[in-house]
Amino acid sequence: MREIISLHIGQGGVNLGNACWELFCLEHNIQPDGTLSPEKTHNNDILETMFSENPSGSYTPRSIFIDSDPDPIDQIRKGPFNKAFHPDNLISGKQDFASNFVKGNNTEGKELFNKCEDQIRKVIESCDNLQGFIFTHAISGGTGSGFSALLYERFGIVYPKKTKVGFTIFPSPKYSDTIVEPYNSVFSLDTFIRDAEMIVAMDNEAVYDICSAHLDNEIPSYSNINRIMALAIASSLSSMRFKGGYLNTNLKELETNLVPFPNLHFTLSSFAPFIPPEKVHNKQPTITQITKAAFDKNYMLAKVDPKVGKYVACSLMYRGLINPWEVTNAVIKMRKKLDFINWVPSGFKTGINTQPPVFIPGDMAKVKNTLCAIMNTSAFGQILNSIEDRFHKLYNKRAFVHWFLGEGIRSELISSADWEFADLKRAYRSLEENDKESDSD
Ligand SMILES: Nc1nc2c(ncn2[C@@H]2O[C@H](COP(=O)(O)OP(=O)(O)OP(=O)(O)O)[C@@H](O)[C@H]2O)c(=O)[nH]1
Ligand SMILES: [Mg+2]
């Protein structure tokens, strides 16, 4: 068996994780108490990837929820799936890390790590052949940023062969929750460059705009946003959870298809279609339409314009009973319109998972076919520019730096995080420049 362990860290990560499990349970017909629904079939499921089977025949998610703040985890303890999760895998501290990466990574984070270390090891040891870890977390607070970075680093040392993929909530360009979020983001990225194998960047502003533009929901809640992000996460993992998909059947393959150089492992995602729940009886969009939409900036789960940049690699994961010829035709048409780096011979991978998509009732209409695209593109540089801009406005004045120094980070480490960040930005920019040079050769 090739198991995946999910770690949901900090408030954003815990809530997003909860939305993912709501969907995974629905997709695998697992009831809120962990038992299989008797009337449903499970022929296609590879249940053991994400769930462990109990002697009673019920299933427990292979997930660990961790937050320094007790409230988000208490919500899960009181929530509808409280019987499905193992209580020992819901771990909370006494107080949040006050939007401070260094607290989460160093001082108080180390205490929290001591509290969870044994439990994490237990979950890992319960696997026969663990393929890796997925994380959900935000990087602008203290726990999802600093504590996740601590886990990525420790796992890299103790389990160097296991793939670590982050589904990561980046700060939104327009809306800022805390003034210090550019610091937390730069510190996080500095460690993820080294310690993660792949990151899928998402942001709340992009998904907020999807809700108002496509789903007639002008004031979406976190819960609405999380459910949309969860749809993309569920699709990315669908071939690992159901038989019948041939693309990205494990986390390593996802990484192999999308990451050309170890440091360029920051990817973007999109999802289509989005149809409001009341338009359920509308005509289903065609495969050509959803393929086109997946490359439109209004369907991206991060606030980025993919047209301003070059694609390096792209995985298109379709779901539903789809004729492969329709996909081939749509992709051939689309490929011609996209600007790919010229040294990638075929950066396009497509896969169809025949397991139809499942939707949580209420947020959007059920459709027969969906597409989730995960793309590695130099357009990710737009996110780096936005963070860097805000980081330097503060750091040039050394504003708020004392909060981090007070938790034990040395000032040289802040400068070195800044250089690493600048290096990453240059690496994404040079993708486009090298491409121009080889064009003119
Ligand atoms: N999508 C989504 N984003 C959230 C949610 N809760 C918080 N966020 C975003 O997450 C970022 C802040 O990170 P949090 O996860 O709240 O912080 P934390 O990791 O708990 O860190 P501390 O509270 O400082 O210890 C902000 O950008 C919030 O907008 C949520 O339920 N869903
Ligand atoms: Mg918090």
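**Ligand shell and helix packing in a predicted model**

Around ligand 1 there are 26 residues, of which Gly10, Asn15, Gly141, Gly142 and Gly144 come nearest; a residue is near a molecule if its C-beta atom, placed from the backbone, lies within 6 Å of it. Helix H1 (10-27), helix H5 (143-158) and helix H8 (222-236) are the elements that give two or more residues to this shell. Helices (H or I, at least four residues) and strands (E, at least two) are DSSP runs, numbered from the N terminus. H1 provides the largest share of the shell, 6 residues. By class, the shell holds 8 nonpolar, 14 polar and 4 charged residues, where Ala, Val, Leu, Ile, Met, Phe, Trp, Tyr, Cys and Pro count as nonpolar, Asp, Glu, Lys and Arg as charged, and the others, Gly among them, as polar.

The model is predicted: local features need pLDDT of at least 70, side-chain atom pairs count only at pLDDT 80 or more, and totals for chains, interfaces and linings use all residues. Residues are numbered from 1 along each chain as its sequence is written, while chains are lettered from A and ligands numbered from 1 in the order in which they are written.

The protein contains 15 helices and 12 strands. Its radius of gyration, taken over C-alpha atoms, is 21 Å, close to the 22 Å that the globule rule gives for 441 residues, so the protein is as compact as a globular protein of that length. The globule rule is 2.2 Å times the number of residues to the power 0.38. Along the principal axes, the C-alpha atoms fill a box of roughly 65 × 55 × 45 Å.

H1 also packs against helix H2 (residues 70-78): their axes come within 9 Å and cross at roughly 15°. Axes are lines fitted to C-alpha atoms, for helices over the stretch in contact, and angles run from 0 to 180 degrees between N-to-C directions. H1 is therefore roughly parallel to H2 (angles under 35 degrees count as roughly parallel, over 145 as roughly antiparallel, 65 to 115 as roughly perpendicular and the rest as oblique). Gln11, Val14, Asn15 and Asn18 of H1 meet Pro72, Ile73 and Ile76 of H2, contact being counted if C-beta atoms, placed from the backbone, lie within 7 Å. This contact has 4 nonpolar, 3 polar and no charged residues.

The axes of helix H6 (residues 181-195) and helix H13 (residues 381-395) come within 8 Å and cross at roughly 120°, which makes H6 oblique to H13. Pro182, Tyr183, Ser185 and Val186 of H6 make the contact with Ile387, Arg390, Phe391 and Leu394 of H13.

Methods: Contact = placed C-beta atoms within 7 Å.
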